[in-house]
Amino acid sequence: MVVLNRIYTKTGDDGTTALGTGERRPKYDLRIEAYGTVDETNAAIGVVRLHTGEMPELDAMLGRIQNDLFDLGADLAVPEREGKAERLRVVASQVERLERDIDTLNDKLAPLTSFVLPGGTPAAAHLHVARTICRRAERVIVELAAQPSETVSAAGIQYMNRLSDFLFVASRAVNGNGVGDVLWVPGQNR
């Protein structure tokens with residue numbers, strides 16, 4: 001259980017922050033950027049959920065995702081180190097559950113005949129914003145994983161890749177299962 005009695009510590013006043021290992025890094029460090037952007041994705045999903053109260057199945061999926069994103073943040077905040085006890089990590093079963101949720105939503109969707117523009121319902125528009133933030137988080141995590149001195153769990157990368165797919169499918173689901181999608185018309189304004 002996490003207990004937060006004091007919110008400000010002043011330890012970051014020097015421009016550094018602590019990882020879960022206690023190691024201090026600059027606030028612009030790529031690892032900090034990675035879990036910060038995961039947190040931003042989570043916050044965007046929180047905004048989506050303001051519009052999904054009448055959709056209990058989807059809202060429950062989004063609630064599970066928010067919890068998973070905290071798991072991923074914890075995973076990223078504690079780099080894997082040889083000989084150290086493992087901390088909380090995103091695992092394959094979380095990725096598999098997300099895939100099942102994608103399939104559940106996708107089974108009801110109208111066929112896609114064009115690229116979809118962000119929009120339609122407020123929930124769909126916010127899901128698209130969350131999707132784009134998720135894609136940015138994925139890019140930062142992949143860049144972090146490419147650093148020779150850094151490790152990132154494969155399941156964490158897979159989770160973010162699937163999450164952007166989930167958010168796209170969910171945006172279509174809240175747009176009347178795709179009927180209310182705003183479709184791209186190539187060259188429409190020439």
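This is a predicted model: local features need pLDDT of at least 70, side-chain atom pairs count only at pLDDT 80 or more; totals for chains, interfaces and linings use all residues.
Aspartate 181 is buried, its relative accessible area being 11%, where buried means under 20% relative accessible area, exposed over 50% and partly exposed in between (1.4 Å probe, protein chains only). Its side chain meets that of arginine 172 in a salt bridge of 2.5 Å, N to O, a salt bridge being a side-chain nitrogen of Lys or Arg within 4 Å of a carboxyl oxygen of Asp or Glu. Arginine 172 also counts as buried, at 4% relative accessibility. Salt bridges with shared partners join Glu23, Arg25, Asp29, Arg31 and Glu150 into one network.

Residues are numbered from 1 along each chain as its sequence is written, and side-chain values use heavy atoms, leaving out hydrogens and water.

Across the whole structure, a search finds 15 salt bridges. One of the pairs in the model is formed by the side chains of aspartate 29 and arginine 25, at 3.1 Å from N to O, and both of these residues are buried. Another salt bridge links the side chains of aspartate 101 and arginine 64, at 3.8 Å from N to O. Aspartate 101 belongs to helix H3 (residues 92-106) and arginine 64 to helix H2 (residues 56-77), so this pair ties together parts that are 37 residues apart in sequence. Helices here are DSSP runs (H or I, at least four residues), numbered from the N terminus. The two partners can be described by their accessibility: aspartate 101 is buried, with a relative accessible area of 8%, whereas arginine 64, at 35%, counts as partly exposed.

Helix packing comes next. The axes of helix H1 (residues 30-48) and helix H4 (residues 122-145) come within 8 Å and cross at roughly 165°; axes are lines fitted to C-alpha atoms, for helices over the stretch in contact, and angles run from 0 to 180 degrees between N-to-C directions. H1 and H4 are therefore roughly antiparallel, the term for angles over 145 degrees. Residues of H1 including Leu30, Ala34, Val38 and Ile45 meet a set in H4 that includes Leu127, Ile133, Ala137 and Ile141, with contact meaning heavy atoms within 4.5 Å. By class, this contact has 16 nonpolar, 3 polar and 5 charged residues; Ala, Val, Leu, Ile, Met, Phe, Trp, Tyr, Cys and Pro count as nonpolar, Asp, Glu, Lys and Arg as charged, and the others, Gly among them, as polar.

Conventions
Helices (H or I, at least four residues) and strands (E, at least two) are DSSP runs, numbered from the N terminus. Angles under 35 degrees count as roughly parallel, over 145 as roughly antiparallel, 65 to 115 as roughly perpendicular and the rest as oblique.
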